[in-house]
Amino acid sequence: MKPILRWQFRKLEGTLGLLEEHLSDPSCPCRSEGEACPRKHLIRIEDYANETVPMLDGAEGEIAVHLQGLAEEAKYYAELEEDKLCGKEVTEGVDAVWARGWRKYFEGLQIGECYM
């Protein structure tokens, strides 16, 4: 695996892990003191995913499709978070299960390359 991909996947895994913790820990004051933790992490996830796609070669097409899907989902959930922050009623949103699933995907890519 190219070092730049290893770095990108590690950043995605870490950011998804942070989001997972914020969403699963009821004691996290995510919406206090001007913080909007889920939105912040979702935007970074979208950006890292979009940034990584052009770094892949043709043999990594399946990963590119996953990254594009992740970017779209993260953008969608970030927009829902923005709606919530603006006081709009939102009936769905991101959850820790979504973040964990994606985190495990990127963890698996790295472990599959014998990288820990």
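Predicted model: local features only at pLDDT ≥ 70, side-chain atom pairs only at ≥ 80, totals over all residues.

Biologist: Is Cys37 buried or exposed?

Modeller: Cys37 counts as buried, because its relative accessibility is 5%, and the cut-off for burial is under 20%.

Biologist: And Cys86, buried or exposed?

Modeller: Cys86 has a relative accessible area of 63%, so this residue is exposed.

Biologist: How far is the sulfur of Cys86 from the closest cysteine sulfur?

Modeller: The closest cysteine sulfur belongs to Cys37, and the separation is 17 Å, which is too far for a bond. A disulfide requires the two sulfur atoms to lie within 2.5 Å.

Biologist: How many disulfides are there in total, then?

Modeller: The count is zero disulfides.

Biologist: Turning to the helices, what is the span of α3?

Modeller: Helix α3 covers residues 61-85, which is 25 residues.

Biologist: Which residues of α3 are buried?

Modeller: They are Ile63, Ala64, Leu67, Leu70, Ala71, Ala74, Tyr77, Ala78, Leu80 and Glu81.

Biologist: Why would residues three or four places apart point the same way?

Modeller: An α-helix has 3.6 residues a turn, so residues with that spacing point the same way.

Biologist: What follows α3?

Modeller: Gly87 follows α3, and its phi is positive, near 90°.

Biologist: How do the axes of α2 and α3 cross?

Modeller: Helix α2, residues 37-52, has an axis that comes within 8 Å of the α3 axis, and the two cross at roughly 155°. The two helices are therefore roughly antiparallel, given that angles over 145 degrees count as such. Their crossing is left-handed.

Biologist: Which residues make the contact?

Modeller: On the α2 side they include Pro38, Leu42, Ile45 and Ala49, and on the α3 side they include Leu67, Ala71, Ala74, Tyr77 and Glu81.

Biologist: Where is Lys40, and is it buried or partly exposed?

Modeller: Lys40 lies in helix α2. Its relative accessible area is 29%, so Lys40 is partly exposed. The C-alpha atoms of Lys40 and Glu81 are separated by 9.5 Å, although these residues are 41 residues apart along the chain.

Biologist: Finally, how many residues does α1 have?

Modeller: Helix α1, residues 3-24, has 22 residues and reaches 31 Å between its first and last C-alpha atoms, close to the expected 32 Å. Its buried residues include Leu5, Phe9, Leu12, Leu16 and Leu19.

How values were computed
Residues numbered from 1 in each chain as written. Heavy atoms only, no water. Helix = DSSP H or I, 4+ residues; strand = E, 2+ residues; numbered from the N terminus. Expected span 1.5 Å × (residues − 1). Buried < 20%, exposed > 50% of the residue type's maximum accessible area, 1.4 Å probe, protein only. Axes fitted to C-alpha atoms, helices over the stretch in contact; angles between N-to-C directions. Parallel < 35°, antiparallel > 145°, perpendicular 65-115°, else oblique. Left-handed = near helix turned anticlockwise from the far one by under 90°. Contact = heavy atoms within 4.5 Å.
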